[in-house]
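The exercises below ask you to follow a chain through its packing, one step at a time. Please keep the sequence and the structure in view while you work.

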Amino acid sequence: MRTIGLLGGMSWQSSIEYERAINERVAQRLGGVASADLLIRSFNFAEIEALQAAGDWSGCARLLTEAAMALEAAGAQAIAICTNTMHRVAEQVEGALSVPLLHIADATGAAAKRFGITRVALLGTRYTMELPFMKDRLREIFGLEVAVPEPEDRDAVHRIIYDELVQGIFTDASRREMLAVMRRLVDEGAQGVIAGCTEIEQLVTNDDASQALGVPYLATAKLHADYIAEFALADL
């Protein structure tokens, strides 16, 4: 089994779900008491969030690059960033490594293609919805047309993520609000919805989305975790 280095803690609520999903996939494939071979660097998200808010993406890149290089030096045969937003600096991190970086957009785009859809809605932090790093990769590699919410809805989604979800607060009111944003995008022609923040899928489950939307729900953390596990198991 290949050793995987995880960059997590952004936030820890979703990082825990990554570890759970990766280990469950490995156990399912190998049976018995098998689990994944992981090296984990979990950040203090308060430091990361402050850099994001200040627009200091070079500082973010420096932190993640140093951590990724340390994981590679410790034996990681691939690196994964356990969050959508911090893929804003994935190119810089990848450029410093001699092992693969397993990109969350690749796991998500491949799933969209399996569903046969070409137009997707993307919800996430303001950075993920408004900056090009996720949208461009989905367009350029997978040919997907990517729609994001209107400004007022983007504000609401970002607020729910930072004021509630990353702090472990999950409410029915916010679930309804998030689903309403998704529904508007589906009504405008989205053939699938990307939960482009790894905490969103903890608020809006597959069952929630299936009942409310009637289109494929692409939960990025679960898709990424499965992608990571398959890479780890590829030689077995």
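Contact here means heavy atoms within 4.5 Å. The model is a predicted one.

**Exercise 1.** Describe how helix H8 and helix H9 pack, and state which residues meet.

Solution. Begin with the two helices themselves: H8 covers residues 151-163 and H9 covers residues 172-187, and they pack at an angle of about 145 degrees with their axes 10 Å apart. Next, take the handedness, for H8 passes H9 in a left-handed crossing. Then list the residues: from H8 come Asp153, Ala156, Val157, Arg159 and Ile160, which meet Ser174, Glu177, Met178, Val181 and Arg184 in H9. Finally, sort this contact by class, which gives 5 nonpolar, 1 polar and 4 charged residues.

**Exercise 2.** Work out the order of the strands in the open sheet.

Solution. The 4 strands stand in the order S5-S4-S6-S7, with parallel pairing. The edge strands, each pairing on one side only, are S5 (145-147) and S7 (217-219). Between S4 (residues 119-123) and S5 there are 3 bridges, and Val120 stands opposite Val146 in S5.

Note on methods: Residues numbered from 1 in each chain as written. Predicted model: local features only at pLDDT ≥ 70, side-chain atom pairs only at ≥ 80, totals over all residues. Heavy atoms only, no water. Axes fitted to C-alpha atoms, helices over the stretch in contact; angles between N-to-C directions. Left-handed = near helix turned anticlockwise from the far one by under 90°. Nonpolar A, V, L, I, M, F, W, Y, C, P; charged D, E, K, R; others polar. Pairing = 2+ DSSP bridges.
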